[in-house]
Structure formats: structure tokens, C-alpha cells
Amino acid sequence: MTITVNSPQKSPQKLWRIWRQNNRRQQTLGAIVLGTLFLLGIIVSPWFLGESGLSTVLTQRNQPPSLAHLFGTDWLGRDMLRRSLHGLSLSLRVGLLAASVSALIGTGLGLAAGTFGGWVDAVIIWIVDVFFSLPHLVLLILIAFAVGGGTKGVIIAVALTHWTSLARVIRAEVLQTNSSDYVHLSRHLGKSSLWIARHHMVPHIVPQLLVGLILLFPHAILHEAALSFIGIGLSPHLPAIGIILAESMRHLSTGYWWLGVMPGILLLLAVKAFDWLGENLRSLFDPKTSQG
Amino acid sequence: MQIRLLLVFAAQKLLRLGRLLMAVAVFTFVLLSFSPIDPVKAYIGADMMQISADQQALIAERWGLDQPMWSRFLDWLGQLLQGNLGTSLVFNQPVSEVIASRFQASLQMLAIAWLLSGLLGLALGLIAGALEGHWIDRLIRLYAYTLASSPTFWVALLLLIVFAVSFKIAPICCAAPPGVLSQNVTFWQHLHHLLLPAVALSIIGIANIALHTRQKLIDVLHSDYVLFARAQGESLWNIVRYHGFRNILLPAITLQFASLSELFGGSVLVEQVFAYPGLGEATVQAALRSDIPLLVGIVFFSALFVYTGNTLADLSYPIIDPRIRLGGQ
Amino acid sequence: MLSISNLGVIFTQYDQGLRRKQLTVITALDLDVQAGEVVAVVGASGSGKSLLAHALLGILPENAAMSGTLQFQGEPLTPERSRSLRGKAIALIPQSVGYLDPLMRVGKQVQRVAQLAGQSKANASTSVDRTFARYDLPMATRDRYPFELSGGMARRILVSTAVVTQAQLVIADEPTPGLHPDVVRETLSHLRELAREGRGVILITHDIEAALQIADRVAVFYAGTTVEIAASKDFSLGNLRHPYTQALWRSLPQNEFVPVPGNQPSPEHLPEGCLFSDRCPWVSDICRAERPPLRQLPRIG
């Protein structure tokens, strides 16, 4: 007697699986579009919402979440959803600015370390080592304090401390590309360094840079929020998301839980959206390293 | 032979520590020198109006602020080398004493959080890695990724709302019940106040350790020796037990010690939320009230703390992996 | 004891941009092994030799789908049956010391193999002692880690893993890569000995010379198909039928030392007809269009 092992059969589950697998590319693209729209929506929301719902309405004080006020209202009767959107928009803009500066620093130093080598490389690696030898938050506090605190302090601190991993990735990428056969060949053919950089380096580095930048955003935003929360960041007059959460601490024991919970959920969603966006972009560029 | 190796290792490590602290000193000094903050103004604060320019100059002179930069640096370095970190302006005590007493309070919290996050993270990572692709793995990953993107202080805030405000089973703040002198605090009161901050702190560490452990275990499960073990009829759980655990222990320990850095940063936020009087809270105080000597002291201390963690990890390698010799490559 | 006919293995993979594709890594493999004989499986890398071993042991990766007929000791060898037989009735001798856990003492690892084959802990320990004594491995070897073994010792330890199991079918996957000729000879004689004890041995190798030294029969694989199964003596007698086998024989240093021109087709671009058609000196329109099946020929001489 003989049997046929595992002959391919088309059961409904199998067809469903095949459909899903074939649609992974569309799903990835869809996720990227959806994530981008969500985050853009948060960032531009203050311009659409205007100042409405932010004025004091004493009759509407301390309302728990309801259909009229999804996030409830605060001790002055202000709508927490609108406040949270304003705050998060501000935090995202600050975080994006700081992260972009950081990405520029990271790219510049990574390229310099990888291209020049020698003492330039040694100094940059040394700086990275020093940065890694201190807890990140302590470093942030030190820099934010030293440059005088405030919005400027947060942006500088976040920008100066988030470039290290990106610089490492770029440096490694440059070193790898530099030692590859096609770059050697280009050198032998007498191509200039600039030509090689444009034709061989850029195509390799740009995807890395893009994914690295987007995955940098959530860190930058979380650190901005943390600094504002402990009072070293944005001033209390600019209600960034960290400030809103810090304020909620004062009303905690009164049982107004929504003041702290709801803005936090919004922040969490934004951070997750960035992570999601980054992962999907990465799996589009390089399916093998994605988290699937 | 063993002792000689150990001595060489210790000498190397001390030398590197010296170099590192020197680098941190240069970095901190340069950063603070270019800072727009006037230490005298920062010290006096609101009373600035009542103090004459002469008095201000006197203070500046006593602090050596009129000296050129490099001589101030050498002077400061000399003081540091003698172990003199200066006096904290906020606490009006020598910085070393403030750090010592505050760190003692933080240490227990850090230790509990460190153990909890290490053990739970390892367990979750092993389960998720062994069941790669299963819904349990998806659940654990979802949990870990969500935690990894949650703001530390917000998680602490949530725990406070749930356990202290709603259920009232945990104290809402501080290291001791109000009105109780520190020498009269019982062990249980102490633990009661310690536990929630420690749990909050550990939750953040769990995600990272679980995700790394999972990845490492998946790498091990795709290795040649696991393929051979499967060819011998070894079951999945026995593969994890006999081969997985052994081979992920080294990266897990490295990660566990490396997590000390993150844990220290997390303690700053958690202590702020719980108003727990530890070193993290002192860091915030120092920055908010421009207590430069204390802030610089804490920066040095945190570098030492992180370095100690890495050194402990290096020491544990040869015990776990017979291929690694102390001080070798 | 073992018969395989028309075995196929297909992998499902993703490439850049997340497009799904199917790779036929084994097209049609045929092989049979009797108790007490050594059958060598030769072929270039990518010919499906190692995957055959994995298929028999039920350790193909999850994205692999198998088709065809496998029979072991008169009963169909389903993946479930492979799972229950591996380590007990079917044993693998792996390629290198890399297949041992780098952080576990070798004695313990071999003992674990014996325990998995169904022996009690005490019995397993004595079988390890007995097997190590049989292969002249000093007792102190039990406490060594894989990285502390010399090349020859490592070979003997790997053979020991199969010997402690009493498995009737032993699959040796490339047991002699890059070894000193003395060690190669020693390892091959160990495999021959296993066959003399009444076990069936599959020797997977790309080294035809080594295969011819000890094998009773040689199966030649090419791009996931069996092109020929010949008795070892047919090689020296010039009784080879398939052009690829003849070309392989001529490529040996002691013969004409001429390499086989061309390349094995990659699983991504398998030709429509005979897989060897683009390199075959006797190619015709019929075999360009259709793959010729394996035929049983009467023994000559």
C-alpha cells in the first residue's frame, strides 16, 4: 500500500490563507497610508478645531467621558479631547522637529565616520560611547537644563541625544557598500568619490534613513513628553501633552481618572502609529527583516 | 593563573572607567560652561532683588566663577579627584551624602523592578519564541509592543489611578505614611510604599527583555544543533529546556545588565509620579532648582552605575559560556 | 527497508515587495535502501541531497510541502510516523560539530540521544561509555565541550550519536567535508561497519570518490531528481547510463579531470522538459518538451 503525502488540497481555510498572503503587499501599503493619515490628522487638528471648546465653561466642570465630551472635561469645563489634540499636535511638531534635526546629525556623523575613517571615525565612536554610558533620561535632563530649559531646551536635548543609533546604522552601511565589489570596480574605472556616493551610496542609505527617521519619531515624542511631564520641558502656558498629564496628577486623588487616562491613550496611539508606519515601510523595503 | 587574569581584568576595567569618567567630566563641564544659566542667579532665585551687585560678585568669586575656563576646569577636576563633589544647594548637604541616602531609597525599588522585569521578561520571551506565530505569541508581542510604546510616567499614573485611587490598596505617594518618622517605619509599611513604584518600573523593562529573548530563542530554534536535536526526536519543550535556555542565557544576562541604564532613567519618572524620595526625584529637583553640583554628581553616579552593570555582565560571561575567557576576545 | 518514489518538495517564499512565490526544490526523487547496505547519494549542492534527509526525518521547514510516496519497513512513512521514528529507528549523523549544542558537554549530549531512543538514564550512560570505548574516545571526552574536540574526535562523537540509538536506518549527511584523508577513511569505515551490523546506511556526499570506496550502490541527484542509481562497480566498469553520471565520473582527477560544462538550473527557473537538457550532449526535441521517467534496466555483468 502506498499513500500520497500532503497532497495540496484547496480547503476554504487554505484559499483564505493564500488570499491573505497574496494581499500582504496591498495590506502593507494600506497600513502606511492609514498611519500617515491618522498622524497628519492629529498634527493639523488644531487649525480645524480652532479655539472652540478651550474656553472655561464653569457649568461643564469635571464631566466624565460622554458622547458630548469623549474625553470628559477638566476642572475649568474645557473639553479634554480638544485639549489633548492641541497638546499632542504641539508635542508631535516639537518631536518631529527634534527628531529630524537628530536624523540630520546622525546621517552627517554616520557618513563622516564611514567615509573618512581614521581619527574622525574614532572621535565619533567615542562620542557615541560616552552617550551610551549615561542613562538617556539623565542625559536629556542635563542637556535641557544646560541650554536653559523651555521649548528650545527640549528640542536641543532631544535632537542631540537621538542620533546615535542612526549614525551607527549609516556608518555600517557606508563601510559595507565601500568594501563591495561594485564600488571597487567604480574606483578602478576612475569614477569620482562624488559619483560613487551618488550612484552607489545614496540608493542604499536613503531607505535606511527613512525607516530610521520614522522609528526615531516615537522615541523623540515620548522623551519630549517625559521632559515636559517632569517640568523641564515646555512651559505650563503651552499645554503640550506632557503638561496636560502632569496637571492631571494634581486632580488624581479626586477620582477624575479621565484627565490622565484619555490624553495618555491618545499619546500611546500616536506613538504606536509611528511604530506601525516604520515597521510597514521597512517590510516594504526589506521583507526579510520585518516583524511580520 | 585565575587570580592573575582577574587582576588584569580589574585593572583594564578600572582604566576604562577612569577614561570614561574623564570623558563625562569634559562633556559636562563644556556643556555647563556654555549654558546661559547664571549659577549665582539660579542659586539666589527670587531673592535676587535684595542682593547687591557686590554681594553677587563675592559669591561668584567664592565659587571661582571669575577664573578662566580651563583653570576652573582643572580646579573642579582636582576637587572631584579628591572625592569632593561639592554641596547641594537644594538639600544644603554634601552632594555625596545626598546621593548616598537617596540612592539607598532607590536601590530597593530598582532591585525589585530589575528582578521582576528580568524574570517575567525571560518567561514571556521564552513562551513567545517557542510558540512563534501562534496566537499566544501574537498576544505577548502585542502586549510587549504596546508597553514599549507607552510613556513610562503614564503607565505609573495608570497604576496609581487603579491601585491607589480606585482600589485603595496602595499608598498614593511617598516612601512612608504621612507623619511617621523615618526611623519608625515598619518593614511592611516600607514594602507597601515600595511595591507599586517597583512594579511600575518593572513593567517598562519587561517589554524589551521579552522581545529580545523571543528573538534570541527563535534564532536558537533555527540553529543547526536544534535541527539535530529535532532529528533525534526531542520535543519542542525539551529543546527549549535543554538547548534554548542554555543558549539564550548569555544574551539575556547582557541585556538584563544593560537594562540598568533604562531602569535608572525610568526611576526618575516613576519616582516623580509616586513622589518617592529617591535619587530620581532628586535629579528632577536638581534640574528644576538649578542645583548644578547635585546634578553633576548624579550624572557621574549614573555613569558609574551603568558601567558597573556592564562590568558585572562581563564577569558573568565566562561562568555561563566555557568558550569565553576573562579578558580575552 | 526504505523506498522513495517520486518525492517532491515545494517551498513557499516571499521576495522583495512581498510577492509570494513557490520554489520547487525537489522535483522527483527515487531511492531505495536495503538492510545491511550503504547507498551513497551524490550530487552538487542544491541537488536536494540534504533536503531528502530532512524529509525522511520530518524536519523540513514549515513552509515546505511534500508529495510522493515514502515507505519504511513495509509501511507508509507519513510525517507523523517520521516524527515517532526519528531518533529511534531512523538516525542522522550530521555534517559537523556545529550540529552539537556549543554549551553542553558532549557526553551529556550523546547520553541524551540514547535516552531519546528509549533507554533509561542509567542504561543510556552505560551505552555512552560502551560506544566511546568502541571508538577509542577517552572517558575524559565526555566532559569536553564541542569546541574542545579535534576534527577526528568530533567525527567519532557524531557517529556515536547514531550508534547509541540502535537505529535500523542511518543517514550520514556530508560526514567528510574538508577532513584529513585519514579521518575520511576512518569515518567511512565506521559507516561500513554500521551496515555490517545489519543497518541500512544512506551516505549523502558530493565526493564521488569517498562514496565509491564504501557504497554498494550510488544514486546520482541532479536539480532535485534522481538521474541514475548504479552499482558502485558500474563506475569503474564503464556501465554508466546517464550523461550526467558519465560526466561526473570523467571529472574525477584520476580520470580525465574535465569539469562538467554549464550549471545546474536554479529552482526559480526550472526548464520545462528534462532538467539536464541544457547540458546534455544527447539532447533531443522529445526530452526538451517532456521529462523522461526513471527506468529500471537489467543488470549487466
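Student: How many helices and strands are there in chain A?
Tutor: In this predicted model, chain A reads along its sequence as α-α-α-α-α-α-α-α-α-α-α. The count for chain A is therefore one of DSSP runs. It comes to eleven helices and zero strands.

Student: What share of the residues in chain A is buried?
Tutor: A residue counts as buried when its relative accessible area is under 20%. Chain A has 292 residues, and the buried share of these is 49%.

Student: Which element gives the most to the lining of the second largest pocket?
Tutor: The second largest pocket has a volume of about 1300 Å³. Of its 44 lining residues, those closest to the centre include C:Val227 and C:Glu228. Elements of chain C that give two or more residues to this lining include strand E9 (217-222), strand E10 (225-231) and helix H8 (232-237). The one that gives the most, with seven residues, is E10(C).

Student: Why is E10(C) described as largely enclosed by the rest of the structure?
Tutor: The term buried applies under 20% relative accessible area. E10(C) has seven residues, and it is largely enclosed because the number of them that are buried is six.

Student: Which residue of E10(C) is the bridge partner of C:Val220?
Tutor: E9(C) and E10(C) run antiparallel and are joined by six bridges. Their hairpin has two residues between the strands, and C:Ala223 takes a positive phi near 50° there. Within E10(C), the bridge partner of C:Val220 is C:Glu228.

Conventions. Residues numbered from 1 in each chain as written. Chains lettered and ligands numbered in written order. Predicted model: local features only at pLDDT ≥ 70, side-chain atom pairs only at ≥ 80, totals over all residues. Heavy atoms only, no water. 1 Å grid on protein atoms, 1.4 Å probe; cavity = no way out; pocket = protein on both sides within 12 Å on 5 of 7 lines; lining within 4 Å. Points joined across faces, edges and corners; volume = space filled by probe spheres on them. Helix = DSSP H or I, 4+ residues; strand = E, 2+ residues; numbered from the N terminus. Buried < 20%, exposed > 50% of the residue type's maximum accessible area, 1.4 Å probe, protein only. Pairing = 2+ DSSP bridges.
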